[in-house]
Amino acid sequence: MFGQILRRMLLAIPVLWIVATITFLMVRVVPGGPFDADKHLSPEIVANLKAKYKLDRPVVEQYGHYLARLARGDLGVSYKYVNRTVNDILGEAFPVSVQLGFAGLLIAVAVGVPLGTMAAVKRGTAFDAGAMFLSTAGISVPGFVVGAVLILVFGIWLKWLPVALFESWRHLVLPALTLAASPAAYLARLTRASVLEVLEKDWVRTARSKGLSDERTIFRHVLRNALVPVVTVLGPLTAILITGSFVVEYIYAIPGMGRFFITAVTNRDYDLIMGTTLIFGVLLIITNAIVDIVYQLLDPRIKLES
Amino acid sequence: MLALARRLRRIPTAFASFIIILLICSLALMSALGVPLTPYSFDQGSADILSGPSAQHLMGTDELGRDLFARVIFGSRMSISIGLVTAMVAFLIGTAYGSLSGFMGGKVDTLLMRGVDIAYSLPDLLVMILVGVLVGKGTFGILFALGLVSWMGTARLVRAQFLQLKQEEFIEAARAAGESAITIVLKHLLPNAMGPIIVALTFTVPSAILSESTLSFIGLGLSAPECSWGTLASDGWRSLRVHPHLILFPSFFIFITVLSFNCLGDGLRDVLDPRTRFKVKPPFGK
């Protein structure tokens, strides 16, 4: 297990290098630079600014500088938020996105997995049809529509919950629900299909004929096997939810990574774009590694060494 | 085709969805052909500003007194064509790429599939935003961005189908008969892989419609004078508190269209391809 984790960490380095290189090239190929928006700047000032951030050097040299700094854990500086480093900005935005992302993930799993399991167990009943219609509706509704309806009902008409900013747990409720809606629906569909497949296996019949109760059969024999595909999608899902759903942070004016990413792209804030992308890459690698380990706990037949 | 329709009729939700899709598509088509569906044009202002739904204005009016129903119908052209064109692009790129990978096999396959893995692991919205900025806003930019993130699922699917079909005897027979590689791919492999491809494409359309509306909503997709359901919802967002009808009606059309395509896709999968459940990329972050 330990060797496996170590090997994965080593493998992560080339992957991150590739991600950094592609993003580096992409943001520089995009027309427009970080100081274009300030129309009033004279060419001399722009030239000075570029010199200050070493943006006047050849791209290869900039790339070398960037990698050298990156190796020391320095993500660079923001051109727009003057005197703030990218480490500083992301250090503030990341915890916000983590809280929101985990809250959303928790709701999605707590709703999606039981709903899908119950629908599969009660296959063909009205409950199944209702649950499946609800979850198909759930993956069909854009995030901003969920957000708009929640804000209207709970924020404006009932006045139960605040609809913007990020100050207490009450501010977290509506954004987390908005974030969770579509993943919950997707997990319900996935769980149902997976449980249906497992229910037809021989060992389930064996368990039943041994006289095990329905609950025991489902928890000990069905779910343990059926959850493998669910766990697979939880990896990327966690990373995406944590990096911040752009829409949710936009709707609720939450200062998370998604918002910073959008403004960074519009402003061509090169280092901030790259920092956000790299954090996403790291998260993706970590969550996938966790998923692989959970796999083995769920199903000891899966051996990763081979 | 007829046999397919007959089998689909046995699944009520899928059939109903099919009818709804036909209705919405014909609305969009009629609007594009200039058939007068409402007494108002999409850009004709009036003194009757920000009124709620009434007999005169079915969905009310916006801040310039423009009839929202006329605007929603006009916007359907853009939203529907973006969905269909993206599916077309995904089909062309995905099938070509997947065919090459699956047919060649070996090192070419490994290399091409690593490429797909990397492209797949990048979050769609991130790529679309970056590419949208690169190509420029507007219809072409958004189509380019959507096409770029939509083809990987089809490519994987086609490749998997090809790897499986390659082992079949009829392919061996075709090879023995001396048929060229292109003939084998086009005449023998592709037709046998069409079922799952059609299913995947049915799911590409709603996914593209959702992505476009989301991008337009956060201000990184289409913007005025372009008009889609996404831009209408984005306009309505600003007056959510006082005039919720402005966001709710366009949103309802997005929802019902995407829902219908998803239900149709589920139905088609049951009919055409019962094995490959949930091979479509999850709709996260949209």
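A helix, as the term is used here, is a DSSP run of H or I covering at least four residues, numbered from the N terminus. By that definition, Ser26(B) lies in helix α2 of chain B, which covers residues 12-33. The model I am presenting is a predicted one.

Let me stay with Ser26(B) for a moment. Is this residue buried or exposed? Ser26(B) counts as exposed, because it has 11 C-beta neighbours inside 10 Å, and the cut-off for that class is 12 or fewer. I would also relate Ser26(B) to Ala224(B): the two are separated by 198 residues in sequence, and their C-alpha atoms are 24 Å apart in space.

I turn now to chain B as a whole. Along the principal axes, the C-alpha atoms of chain B fill a box of roughly 75 × 45 × 30 Å. Chain B has 286 residues, of which 46% count as buried. Of the contacts in chain B with a separation of 6 or more, 68% are between residues 24 or more positions apart.

Helix α8 of chain B, residues 181-217, and helix α10 of chain B, residues 245-272, have axes that come within 9 Å and cross at roughly 165°. That angle makes α8(B) roughly antiparallel to α10(B), since angles over 145 degrees fall in that class. The crossing of α8(B) past α10(B) is left-handed. On the α8(B) side, the residues making the contact include Gly195(B), Ile198(B), Val199(B), Pro206(B) and Leu210(B). On the α10(B) side, they include Ile254(B), Val258(B), Phe261(B), Leu268(B) and Arg269(B). By class, the residues of this contact comprise 13 nonpolar, six polar and one charged.

What does each chain bring to the contact between chains A and B? Chain B contributes 36 residues and chain A contributes 33 residues. On the side of chain B that touches chain A, at least two residues each come from α5 (124-135), α8, α9 (229-237) and α10 of chain B. The largest share of that side, nine residues, is supplied by α10(B). The residues on that side of chain B divide into 26 nonpolar, six polar and four charged.

I come finally to chain A. Its average pLDDT is 84, and 96% of its residues score at least 70. Among the elements of chain A, helix α2 of chain A, residues 43-52, has the lowest mean pLDDT, at 80, whereas helix α5 of chain A, residues 126-140, has the highest, at 92.

Helix α7 of chain A, residues 169-199, and helix α9 of chain A, residues 214-242, pack at an angle of about 155°, and their axes are 8 Å apart. These two helices, α7(A) and α9(A), are therefore roughly antiparallel to each other. The crossing of α7(A) past α9(A) is right-handed. Among the residues making this contact are Leu179(A), Pro183(A), Leu187(A) and Ser194(A) of α7(A), together with Val222(A), Asn225(A), Pro229(A) and Leu237(A) of α9(A). By class, the residues of the contact of α7(A) with α9(A) comprise 14 nonpolar, three polar and no charged.

Terms used:
Residues are numbered from 1 along each chain as its sequence is written. Chains are lettered from A and ligands numbered from 1 in the order in which they are written. This is a predicted model: local features need pLDDT of at least 70, side-chain atom pairs count only at pLDDT 80 or more; totals for chains, interfaces and linings use all residues. Axes are lines fitted to C-alpha atoms, for helices over the stretch in contact, and angles run from 0 to 180 degrees between N-to-C directions. Angles under 35 degrees count as roughly parallel, over 145 as roughly antiparallel, 65 to 115 as roughly perpendicular and the rest as oblique. A crossing is left-handed if the near helix is turned anticlockwise from the far one by less than a right angle, and right-handed if clockwise. Two residues are in contact if their C-beta atoms, placed from the backbone, lie within 7 Å. Ala, Val, Leu, Ile, Met, Phe, Trp, Tyr, Cys and Pro count as nonpolar, Asp, Glu, Lys and Arg as charged, and the others, Gly among them, as polar. A residue is buried if 20 or more other C-beta atoms lie within 10 Å of its own, exposed if 12 or fewer, and partly exposed in between; C-beta atoms are placed from the backbone. pLDDT is the predictor's confidence in each residue, from 0 to 100.
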